Each structure stands twice: as C-alpha cells, then as structure tokens.
Amino acid sequence: MINDNANESTITFSGRILYLNDESIIDHGFVVECQKYYDTSIKELVYSLGSKAKTGKITHTIQTPDEILNSNSVKYYYYIKTNKGVYKGETTHLTFYWYDIDYRDDIIASPDDKITLNGNFEKVKDNYTLNINEDNNRQEIPFTLGKDLKTLVFQLPANLTHGSRISFILQNKVHPTGLYRNSLLATVKVVGKLNEPTNYHFMYNDKITLTGPGMGPALKEPFYILFGNRSFPTNPK
C-alpha cells in the first residue's frame, strides 16, 4: 500500500482488497495517524468511504488539512470493518513531495555576490522566508523571484567570512513546525577576495595592508595570495 501523491494541497491514499469473505461490510476507508515532535500522543483522522467496497485498488483524495501539515510524522492505513471484526492494512509513512526545487551544494561565492537558483517557486512566493544558517545562528535575508516564478535571487551578506559553508533555508511562515516547515535550498562555500590596492608604491620594509570581502580577522581556512609562481598565506588582523 502506497500513497500515490501527497503535497501541500492534496493527498491521495491507496489501498488494495485482494478478496472479500462472506462477511457483511459495515465501513471501509483510511485512518491517518499524526504526531508532533515532543508529543507522545497520536491524533487519528478517519476518512470513511462507506459500506460499499469491491476487490482491487482503492484510492481516495483529500484536501490536505492543517492537522497533517502541522505534524512532523504522518502514517496511514486502510481498514475494513465487517460484522465479524475490523481488518487493517499495512501502516505506511506518508511521503510528501516537495516543490520542484533542486538543492544546490556546489556554489562558491564571495560576500555581496548575487546567486540565482532555478526551480518552480510558485508556492514559495508568499508563504516562505529565506534564512541563512551559520554556526546554528539563523538570520532572515531578502530574496526576489522572477516574473515567471522560475528563478530565485538572493545576495550573500557582506559580513560572511572566507572558508565558511553557509546553509540557506526556506522557512514556512504559515506552518512553521510541520511537514513543510522548512527546506534546505542551497549550501554556499564563501571565498574571500581582495580589493584593488589604492597605493602601488611601497618601500622594501613597508607593511602592505590588504582588504576585501570575506577577509575578516577570523578566517575559517587559510587564504593564499599568489605572487608569480609562489603563494603566501595572509595574516589577518
């Protein structure tokens, strides 16, 4: 038994009757079991299909209720109630299909760079915020969608540090704790870059101060500068 389709709008349940005994069917349908984090109680939602049933595949489509969207674990089973008892099918975890958005973990960019992601962002438009997650500190950042809702553009914050790996997460404003509470959109590796020097005349013993996006006092990994065929690590201060 599998669910044919499940998303934020609708759910289609599926079950199967292999054969019918000589028992009288009183009721049949689907039972959904919903559970939230840190809650041992299970809430049951019953979707009755009445007393008429026949062998073969049984499907039923519903509008996805808030009880399911606000849950973190959802299972269901098909049941038949007869004059001799209740028969239950196999319990199945409900698998939700996220939107048509491909997770990206291959992006390398510098602070202030703009990043464009492709996908179907139609349902993201009004229901989600974009958050940056760095060292378990989460901060909301702005984003823009293309007119066709097929692209999402955001700008890396200016205060990011060279060598950091930053996660960007879509957070659901309507159902912040449920199945669609968030989705990892992209992971970006931050690389620093140097600003063009304002002075090109130095004495042999002069100290050269180099600045640029991502070149803070606490780099996450070494930053090397190339001089000809040699490389030198920076000494951030």
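**Exercise 1. A charged pair across the chain**

Task: Classify D113 as buried, partly exposed or exposed, and find which residue forms a salt bridge with D113.

Solution: 
1. D113 has a relative accessible area of 25%, so it counts as partly exposed. Buried means under 20% relative accessible area and exposed over 50%, with partly exposed in between (1.4 Å probe, protein chains only).
2. The model is predicted: local features need pLDDT of at least 70 and side-chain atom pairs count only at pLDDT 80 or more, while totals for chains, interfaces and linings use all residues. Residues are numbered from 1 along each chain as its sequence is written, and side-chain values use heavy atoms, with hydrogens and water left out.
3. The partner of D113 is K193, and the closest N and O atoms of this salt bridge are 3.7 Å apart. A salt bridge is a side-chain nitrogen of Lys or Arg within 4 Å of a carboxyl oxygen of Asp or Glu.
4. The two residues lie 80 residues apart and link distant parts of the chain: D113 is in the loop between β9 and β10, K193 in the loop between β16 and β17. Strands (E, at least two residues) and helices (H or I, at least four) are DSSP runs numbered from the N terminus.
5. K193 is partly exposed, at a relative accessible area of 38%.

**Exercise 2. Other salt bridges**

Task: State how many salt bridges the whole structure has, and describe the ones made by K189 and R104.

Solution: 
1. The search of the whole structure gives 4 salt bridges.
2. K189 pairs with E221, the closest N and O atoms being 3.3 Å apart. Here too distant parts of the chain are linked: K189 sits in strand β16 and E221 in the loop between β16 and β17, 32 residues apart.
3. K189 is partly exposed at 25%, and E221 is partly exposed at 29%.
4. R104 meets D106 at 2.7 Å, N to O. R104 is partly exposed at 31%, whereas D106 is exposed at 53%.

**Exercise 3. The nonpolar cores**

Solution: 
1. The largest nonpolar core has 22 residues; I115, L117, L130, F154, L156, F168 and L185 have the most contacts inside it. Such a core is a set of buried Ala, Val, Leu, Ile, Met, Phe, Trp, Tyr and Cys residues joined through side-chain atoms within 4.5 Å.
2. The largest share, 4 residues, belongs to β16.
3. A second, separate core has 17 residues, including F13, V32, C34 and V74.

**Exercise 4. Strand β14 and its partners**

Task: Work out which side chains of β14 are buried, and which strands pair with β14.

Solution: 
1. The side chains of β14 alternate.
2. β10 and β14 pair in the antiparallel sense over 5 bridges, with T116 opposite V153. Two strands pair if DSSP finds at least two bridges between them.
3. β13 (residues 143-145) and β14 are also antiparallel, over 3 bridges, with L145 opposite L152.
4. The hairpin of β13 and β14 has 5 residues between the strands, and there L149 takes a positive phi near 60 degrees. L149 is buried, with a relative accessible area of 18%.
5. Most residues other than glycine have a negative phi. D112, which is not a glycine, has a positive phi of about 80 degrees. D112 lies in the loop between β9 and β10 and is partly exposed at 40%.

**Exercise 5. An open sheet**

Task: Give the strand order of the 3-stranded open sheet, and explain why β1 and β5 are edge strands.

Solution: 
1. The order is β1-β2-β5, with antiparallel pairing.
2. β1 (5-6) and β5 (56-63) each have a single partner strand, so one side of each has no neighbour in the sheet.
3. β2 (residues 10-17) pairs with β5 over 8 bridges; R16 has K57 of β5 as its bridge partner.
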